[in-house]
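Here is a short briefing on one protein model. Look at the sequence and structure first, then read the points below.

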Amino acid sequence: MKNFVFYNPTKIIFGENTISKIGEEIKKFGLNKILLHYGSGSIKRNGVYDQVINSLKEYNIEWIEVSGVKPNPRLSKVYEGIKFAKEHNVDGILAVGGGSVIDSAKAIAGGFYYDGDIWDAYSKKYIIKKALPLFSVLTLSATGSEMNGNSVITKEETKQKWSTHSKELYPKVSIIDPTAQYSLPEKQTINGAVDAISHVMEYYFDGTPGTEIQHQIAEGIIRTVIKNTEILLENPKDYNARSNLAWSATLALNGLLNAGSSGGDWASHALEHSVSAIFDIAHGEGLAIIFPAWLEYVKNDNLEIFDRFANEIFNIDTGNAAIDANLGIQALKEWYKKIGQPISLKEIGAKEEDIETLVKNAVQMAPMGKLKKLEEKDIREIYTIAFKNK
């Protein structure tokens, strides 16, 4: 296990009927005027918007709104939010939505005090050193953005889907009310589950030796996500299943699994970002396609952990590590198919010639990965496996 510093300043308020607390929490920071940031308006249909507004009114907090955040949040919406926030001189941001909304809000928060182009933070030319205080009310558990300092934004013109990280981007307070996710479309629940599992696997397979406690936690999260996703597909309003899935998704990327590790592999996420940037599919769909292909390509670089994954997650133990590894990867693909996820690029309409387009986009981030450093030829091979997957 490696030396580490564990840091997470986000306060989580979890449970039913907790959204009404957001006004009080914002007021504790002495804020009086906030930018309310959200997506397409589903929060107005499911009652979350009214709960938030009533709480803001109760604590005499003014708000202005910038809505319309899309999945794979766009840089153009970030620019709009920064401009609006500066014009109205807000002193905080409240993101109400899933990871896309929170990531967009983080970019706005970081851009508020920066005189340059906030895209500089995503192209690694600038580190965010000051940001507006950020709060969130979570309506879709997937990215863990409610309890970390990460943000992923897509630059439409160049189809670059890149990330940044700063300790200034951790939300001050995040509220997670599982009942707010009762009305989610089934596909969004599924995508969130795959995203959460993928975050866990980035750490699980990064090759760090001696991280037994991290492996045990990781396995517990993956098994919990699988079990409760299946329950929710039968009963979307099962409170305990929603709660367990929600908290699992938060724990998957709040720094807990990063402690003592090599920082996670993250090649699969980098490769997927090119897929969702170019084909504009949900991140969870892209991960269901890319991660098994990456697993197939790198399995021989640490056969022991692949054998363990098969055993601990899918109860596969033939006594032969190589066979177990193959069966474990196939079992993951079968589960993705069972819950309705695509597992090949063909299923999202990609043609064989699109592989080179993806390679050209992804290679900008090469070399990538920890378990196995990926260069252009490796990236091409993984996309080829993903194209042929079945």
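Which residue forms a salt bridge with R74? The partner is D280, and the closest N and O atoms are 3.3 Å apart. A salt bridge here is a side-chain nitrogen of Lys or Arg within 4 Å of a carboxyl oxygen of Asp or Glu.

This is a predicted model: local features need pLDDT of at least 70, side-chain atom pairs count only at pLDDT 80 or more, and totals for chains, interfaces and linings use all residues. Residues are numbered from 1 along each chain as its sequence is written, and side-chain values use heavy atoms, with hydrogens and water left out.

**Salt bridges**

- The structure holds 17 salt bridges.
- R74 and D280 form one of them. The pair links distant parts of the chain, 206 residues apart. R74 sits in the loop between β3 (62-66) and α4 (75-88), and D280 in the loop between α10 and α11 (283-298). Helices (H or I, at least four residues) and strands (E, at least two) are DSSP runs, numbered from the N terminus.
- R74 counts as buried because its relative accessibility is 19%. D280 is partly exposed, with a relative accessible area of 45%. Buried means under 20% relative accessible area, exposed means over 50%, and partly exposed is in between (1.4 Å probe, protein chains only).
- E230 pairs with K338 in a salt bridge, with the closest N and O atoms 3.2 Å apart. E230 lies in helix α8 and K338 in helix α13 (residues 321-338), so the pair ties together parts that are 108 residues apart in sequence.
- E230 is partly exposed at 29% relative accessibility. K338 is exposed, with a relative accessible area of 60%.
- E25 forms a salt bridge with K28, and here the closest N and O atoms are 3.1 Å apart. E25 is buried, at 5% relative accessible area. K28 is exposed, at 52%.
- A network of salt bridges links K11, E25 and K28.

**A buried histidine**

- H273 belongs to helix α10 (residues 267-279).
- Is H273 buried or exposed? H273 is buried because its relative accessible area is 8%.
- A polar atom of the H273 side chain lies 3.4 Å from the backbone oxygen of K161.
- Leaving aside neighbours within four places in sequence, H273 is in contact (heavy atoms within 4.5 Å) with V152, K161 and H283.

**The second largest pocket**

- On a 1 Å grid over the protein atoms alone, a pocket is an open set of points with protein on both sides within 12 Å along at least five of seven lines. Lining residues have an atom within 4 Å of a point.
- The second largest pocket holds about 190 Å³ of space. Grid points are joined across faces, edges and corners, and a volume is the space filled by probe spheres set on the points.
- Its lining includes Y204, T211, H215, N302 and R308.
- Helices α8 (212-234) and α12 (303-314) each supply at least two lining residues. The largest share, three residues, comes from α12.
- By class, this lining has three nonpolar, six polar and three charged residues. Ala, Val, Leu, Ile, Met, Phe, Trp, Tyr, Cys and Pro count as nonpolar, Asp, Glu, Lys and Arg as charged, and the others, Gly among them, as polar.

**The cavity**

- A cavity is a set of grid points where a 1.4 Å probe fits but cannot get out.
- The structure holds one cavity of 30 Å³ or more. About 50 Å³ of space lies in the largest cavity.
- Among the residues that line the largest cavity are Y204, T211 and H215.
- Helices α7 (186-204) and α8 each give at least two residues to this lining. The largest share, three residues, comes from α8.
- The lining of the largest cavity divides into four nonpolar residues, four polar and one charged.

**Backbone details**

- The peptide bond from A366 to P367 is cis, with omega near -5°. P367 is found in the loop between α14 (354-362) and α15 (376-388).
- N17 has a positive phi of about 60°, although N17 is not a glycine. N17 lies in the loop between β1 (11-14) and α1 (22-27). N17 is exposed, at 59% relative accessible area.
- W266 has a positive phi of about 70° and is not a glycine. W266 lies in the loop between α9 (239-252) and α10. W266 is partly exposed, at 24% relative accessibility.

Conventions:
A polar contact is a pair of N or O atoms within 3.5 Å; within protein, one must be able to donate a hydrogen and the other to accept it, and residues adjacent in sequence count only if both atoms are side-chain atoms.
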